Amino acid sequence: MDEFDRRILAIVQRDSQIKAEAIADQVGLSASAVQRRLRALRAGGIIRADIAVVDPKAAGQAMRFIAGLEVERDNYDVLQKLQAWADRTEAIQQLYYVTGAVDLVAVILARDVEDYDAITARMMRDNPLIRRITTNVVLKPLKVGLYVPVAED
């Protein structure tokens with residue numbers, strides 16, 4: 001990845017629908033060169049997806065929860081099972097295997113507390129090696145971002 005690719009990535013992360021011609025003007029390449037580079041970045045898995053970022057509240061998912069999950073230490077295959085379960089559960093927005101007081105941290109969207117309780121009840125039922133879930137309710141998101149700074153090689 002060179003400086004042109006890094007500049008292109010910085011632009012398309014902020015607006016994935018920007019036209020190649022506009023990117024070309026900003027980075028100093030032709031539109032066809034930008035298109036070739038974007039195709040290569042997608043083919044190489046550097047650009048994973050072009051998506052619309054939807055306001056959760058507008059979509060009826062008014063609440064966000066941060067859940068710390070503790071799992072049975074003797075059985076680490078629970079991580080793969082829980083990851084597969086989370087992949088099938090759209091309310092689980094993010095799932096991280098972490099160090100510290102909990103083993104995993106999940107970001108979960110829900111309509112309300114009752115919906116969240118139902119999600120975590122299914123999670124515990126379907127993944128019996130989860131020992132405990134510690135929940136933090138997000139009162140107000142102060143920053144939510146998907147932008148990834150692109151470092152030089």
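1. Let's start with V105. In this predicted model, V105 has a relative accessible area of 22%, so it counts as partly exposed; the cut-off for buried is under 20%. The residue belongs to strand β3, which covers 104-110.

2. What does V105 touch, once residues up to four places away in sequence are set aside? Its partners are I66, A67, Q94, L95, Y96 and V98. There's also a C-alpha to C-alpha distance of 4.6 Å between V105 and G68, although 37 residues separate the two in sequence.

3. Next, D103, which sits in the loop that links β2 (92-97) to β3. Its relative accessibility is 3%, so D103 is classed as buried. The D103 side chain comes to 2.8 Å from the backbone nitrogen of V71. If you skip neighbours within four places in sequence, the contacts of D103 are L69, E70, V71, R73, Y96, Y97 and V98. Y96 and V98 are therefore on the contact lists of both D103 and V105, taking contact as heavy atoms within 4.5 Å.

4. Now the helices. α1 (residues 3-14) and α2 (residues 20-27) have axes that come within 10 Å of each other and cross at roughly 130°. That angle is why the pair is labelled oblique, and the crossing is right-handed.

5. Which residues make the α1 and α2 contact? From α1 it's F4, R7, I8, I11 and V12, and α2 brings I23, Q26 and V27. Sorted by class, that gives six nonpolar residues, one polar and one charged.

Methods. Residues are numbered from 1 along each chain as its sequence is written. This is a predicted model: local features need pLDDT of at least 70, side-chain atom pairs count only at pLDDT 80 or more; totals for chains, interfaces and linings use all residues. Side-chain values use heavy atoms; hydrogens and water are left out. Axes are lines fitted to C-alpha atoms, for helices over the stretch in contact, and angles run from 0 to 180 degrees between N-to-C directions. Helices (H or I, at least four residues) and strands (E, at least two) are DSSP runs, numbered from the N terminus. Angles under 35 degrees count as roughly parallel, over 145 as roughly antiparallel, 65 to 115 as roughly perpendicular and the rest as oblique. A crossing is left-handed if the near helix is turned anticlockwise from the far one by less than a right angle, and right-handed if clockwise. Ala, Val, Leu, Ile, Met, Phe, Trp, Tyr, Cys and Pro count as nonpolar, Asp, Glu, Lys and Arg as charged, and the others, Gly among them, as polar. Buried means under 20% relative accessible area, exposed over 50%, partly exposed in between (1.4 Å probe, protein chains only). A polar contact is a pair of N or O atoms within 3.5 Å; within protein, one must be able to donate a hydrogen and the other to accept it, and residues adjacent in sequence count only if both atoms are side-chain atoms.
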